[in-house]
Number of protein chains: 2
Amino acid sequence: MSLDLKAWMQAHLERVESALSTGMVAQSPAALGQAMRYAVLDGGKRLRPLLVLATAEAVGDDVSSPAALNAACAIELIHAYSLVHDDMPCMDNDVLRRGKPTVHVQFGQAQALLAGDALQTLAFEFLTPLDGRVLAAVQAACVALLARASGYQGMAGGQAIDLASVGQRLSEDELRQMHRLKTGALLLCSVQMGAACVPGVSDSVQAALCRFGEALGLAFQVVDDVLDVTADSATLGKTAGKDEAADKPTYVALMGLEGAKAFADALAAQATQALTDTGLPEVRLAALRALTAMVVERNN
Amino acid sequence: MSLDLKAWMQAHLERVESALSTGMVAQSPAALGQAMRYAVLDGGKRLRPLLVLATAEAVGDDVSSPAALNAACAIELIHAYSLVHDDMPCMDNDVLRRGKPTVHVQFGQAQALLAGDALQTLAFEFLTPLDGRVLAAVQAACVALLARASGYQGMAGGQAIDLASVGQRLSEDELRQMHRLKTGALLLCSVQMGAACVPGVSDSVQAALCRFGEALGLAFQVVDDVLDVTADSATLGKTAGKDEAADKPTYVALMGLEGAKAFADALAAQATQALTDTGLPEVRLAALRALTAMVVERNN
């Protein structure tokens, strides 16, 4: 990654962090605000927000416009809520996340349940700011995309399949469908919302960006499965080896470690090709290319 | 209630029920769709949807326009999700709701958690239909209202205060603040969304409708506290006496049974006066007046 891209990422991470922090008041009722801040701030790679911002800029967004920043925060809040609820005892029962005790360990299950609920809601508040600076059509389009990517047709649906599939031998098609919903939908949505923040993006550019988002989303999950086997808990910041321990279907189980690694590389190549297919100026695609490399080469 | 109002209510309940059912596909991933449908359909008084529809019609909405129906479904989905999560073992640990086993009893805790999450998301899908029949400005306004009424500044915030207040002696102001958030915010939001579905409602009408919604919301909670003491579980469709058993602060604990009943009547009178203050034609206020009477005179 060139120095410019590091600076781009750093600057945008700071904007996202600051906007998220401002949007969550610690003094909100009882310990709820604290639990929400604990779940969201100072942790995570912020891949989804960076994808939103990089896509918006790729299609010509003015960096200072608030729509993409709001969408970036919103999708991170959805991601964060899903982690809080996923970690709860009735789901994955995990105690470690981003190197810290999970929310229910720190604040109790009832507060974790509420905090997750309120984080989901807050995502939709971010998408509908009251200051008149974001077009109503952009607000409505982003809500429509994020809700459909998060709900029963998206992330929550994927988690339901995941719940039902423990101990099952899934085919590659079934595994792909589960992950397309569980993690892919939100990554694709990051790209779609970024494009939706700039009215007037052509259908062909949108279609190529969708192909990019889909390939990247699947690559992300395949790499996740690889890391669950190859990385240790300290590097991951969460419990390693738990998919295997829980007898969950994974790409490593399906195609072996080397096969899964090769599949991730092939998907990254597809994503990169889709970016080229947009026909957008290469200089505006640099951040999306860098994020693609980051997804495949990450070690946590 | 006159025969016409009974017919009004019946017709609108059928529209809401049908729209909710159409919006939740039983065949959605794994058992998630079934759990969502179980949580929402064939139960509940649908007070919030009826308030949305009655308010929209009061300010001149065309009965056949989809905006108010979508908003009506959306707020019922938020209400339903909150009940699913509230009933879970880490919260109120309740096994009976609307006379049926609660969702986690029927489907397991993990599915109940997911179903609640997906119901919340579905509310925002309903508010942003893709068919182009609802103005983007109306979509954005309804999302802004519903998200703020549901999240940490609204319903979820009230639940956090509730969690923290068990066994505490609250002042009337503190109790009012808790209920203003926990149940009041959503009832007020029903009225506000109804008005927001019709662009161009004057500030003074909106202000009077807000006073109506606030008084009605508090009346609803006071009556709830009274019923928790006076009704049996079979009539309530949920476990009676559980506030007292859990040592929760209530209006009955604060002002005695007769005092609480008198307070509910005073609030109903305030709500009724606020409707008169709107200056809207009396014939268009009839449904809202009937709903107010229903809230105070209900026995479950």
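The model is predicted.

## Helix α14 of chain B

Helix α14 of chain B covers residues 282–297. Its 16 residues should span 22 Å at 1.5 Å a residue. The end C-alpha atoms lie 21 Å apart, which agrees.

Several residues of α14(B) are buried: B:L285, B:A287, B:L288, B:L291, B:T292, B:V295 and B:V296. An α-helix has 3.6 residues a turn, so residues three or four places apart point the same way.

## Chain A as a whole

Chain A holds 14 helices and 2 strands. Its radius of gyration is 18 Å, close to the 19 Å that the globule rule gives for 300 residues, so chain A is as compact as a globular protein of that length. Along the principal axes, its C-alpha atoms fill a box of roughly 50 × 45 × 35 Å.

Of the 300 residues in chain A, 54% are buried. Among contacts with a separation of 6 or more, 73% join residues 24 or more positions apart.

A:L186 sits in helix α9 of chain A, residues 172–196. Is A:L186 buried or exposed? A:L186 is buried, because 26 other C-beta atoms lie within 10 Å and the cut-off for burial is 20 or more.

Leaving out residues up to four places away in sequence, A:L186 touches A:R48, A:I75, A:I78, A:H79, A:A149, A:S150 and A:M155. A:S171 is 15 residues from A:L186 in sequence. The two C-alpha atoms are 23 Å apart in space.

## The contact between the chains

Chain B contributes 44 residues to the contact, and chain A contributes 44 residues. On the side of chain B that touches chain A, four helices each supply at least two residues: α2 (32–40), α6 (109–127), α7 (136–150) and α8 (155–165). α6(B) gives the most, with 12 residues. By type, this side of chain B divides into 28 nonpolar, 13 polar and 3 charged residues.

## Symmetry

How are the two copies related? A rotation of 180° with 0.0 Å of shift along its axis superposes chain B on chain A, at an RMSD of 0.0 Å. That is the relation of a two-fold axis. The same surface serves both copies, and 100% of the contact residues of chain B recur in chain A.

How values were computed: Residues numbered from 1 in each chain as written. Chains lettered and ligands numbered in written order. Predicted model: local features only at pLDDT ≥ 70, side-chain atom pairs only at ≥ 80, totals over all residues. Rg over C-alpha atoms; globule rule 2.2 N^0.38 Å. Buried ≥ 20, exposed ≤ 12 C-beta atoms within 10 Å, placed from the backbone. Contact = placed C-beta atoms within 7 Å. Nonpolar A, V, L, I, M, F, W, Y, C, P; charged D, E, K, R; others polar. Expected span 1.5 Å × (residues − 1). Least-squares fit on C-alpha atoms with pLDDT ≥ 70 in both.
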